[in-house]
Amino acid sequence: MGALDPAETAAADSLTTINTLMRSTGTSSAGAGPVAGVVLAQMTTTFGTTPLPSETGFTVVMAAGSGAAVLALLVTALIPRRAVTAGVAQVETGNRRRGKGRRGNRRRGNGRRRRNGTARPTKRSEWRRRGARQTMEPWGTVTAAAPVPSEAAGGRRPAPAAVSGWKEVAVMLEVKTVEKPDERRDFPRGHLEALHMTGLDFAVGTFEPGWRWSECVAPIAGTESCMVHHNGYVVRGRMHLRMDDGGEAEVGPGDVFVCPPGHDAWVVGDEQVVVYDFAGTMANEYAKS
């Protein structure tokens, strides 16, 4: 009962009491039926040769029933109602206290000030103020850009911020072309071109016929198998992938694949293979000693 609302508990107790009283009254009334029968059987009159209950007998039975009804009403009226009132008052008092606590929390929240006297903005207000251009950076942390002067100081408004590893970084519109990569790494029978942008490290891998990772890249990486994670899209050519645990697959033009670390790969056939990789690790770590 302690887990229930006090007002509901008091109301339930009161209803239980009234129900019990009514059932007791009904039982008593039902038990009074035989008594009325005895009274009517004793107070009779003769109609011809047939004995019938007399008027006096009916009067006595009705008087007894009316007296019992009046007594029941008096008992019902005397049932105490303080429990319900007290419960409701207690709940109302608790609600008022909780309401005051919330208002106090809001006041304390609004009253937080920075040391320089300006109000500290909340996370929600910051997101609303920055607008809709928000991005997420799940694969690493991007270094935040230098602060931009505010409009009040005669400068430009700062760019919206993105969340990266729970840290806010500056975001700007960026467009690059694979024709002018930020860097290129060559290895036997192939090369890699990488573009580095805010929130994205994109790689284009080109592999010539006869290329095999264990022969062409393993000496550079210094590992027995490729330990770079790939989220790739095959533009042209076919490549075979073999995992260290024995799993194998072959990908071709239009295929999208995910390949975790621990694998070997090689070009199938005489056609050059071109793969776009969006995972980021290939652009940053592939074919590096």
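You'll be looking at 7 helices and 14 strands. Keep in mind that this is a predicted model.

**Stop 1: the whole protein**

Show everything as a surface. The protein exposes about 19,800 Å², and carbon and sulfur atoms supply 57% of that area. Of the 289 residues, 25% are buried. Now think about contacts between residues with a separation of 6 or more: 58% of them join residues 24 or more positions apart.

**Stop 2: a hairpin**

Strand β1 covers residues 44–47 and strand β2 covers residues 50–53, and the two pair in the antiparallel sense over 4 bridges. Find Phe47, then look across to Thr50 in β2, which stands opposite. How many residues lie between β1 and β2 in this hairpin? There are 2, and Gly48 in the turn has a positive phi of about 70°.

**Stop 3: a glycine in a helix**

Next, select residues 55–77, which make up helix α2, and pick out Gly65 inside that helix. Is Gly65 buried, partly exposed or exposed? Gly65 counts as partly exposed, because its relative accessibility is 39% and that class runs between 20% and 50%.

**Stop 4: the open sheet**

Hide the rest and show β6, β7, β8, β14, β9 and β12. These 6 strands form an open sheet in the order β6-β7-β8-β14-β9-β12, with antiparallel pairing. At the edges stand β6 (183–187) and β12 (256–259); each has a single partner strand, so one side of each is left without a neighbour in the sheet. From one strand to the next, the twist averages 25°.

Zoom in on β8 (residues 200–207) and β14 (residues 273–277). This antiparallel pair is joined over 5 bridges. In it, Thr206 stands opposite Val274 in β14.

**Stop 5: a nonpolar patch**

Bring back the surface and select Leu200, Tyr233, Val235, Val256 and Phe278. Together they make a nonpolar surface patch of about 410 Å². To finish, click on Val235, which is found in strand β9 (residues 230–236). Val235 is partly exposed, with a relative accessible area of 30%.

Notes. Residues numbered from 1 in each chain as written. Predicted model: local features only at pLDDT ≥ 70, side-chain atom pairs only at ≥ 80, totals over all residues. Heavy atoms only, no water. Patch = residues over 30% accessible without salt bridge, like charges linked within 9 Å, V, L, I, M, F, W, Y side chains within 5 Å. Areas by Shrake-Rupley, 256 points an atom, 1.4 Å probe, with all protein chains shown as cover. Salt bridge = Lys/Arg side-chain N within 4 Å of Asp/Glu carboxyl O. Buried < 20%, exposed > 50% of the residue type's maximum accessible area, 1.4 Å probe, protein only. Pairing = 2+ DSSP bridges. Contact = heavy atoms within 4.5 Å. Axes fitted to C-alpha atoms, helices over the stretch in contact; angles between N-to-C directions.
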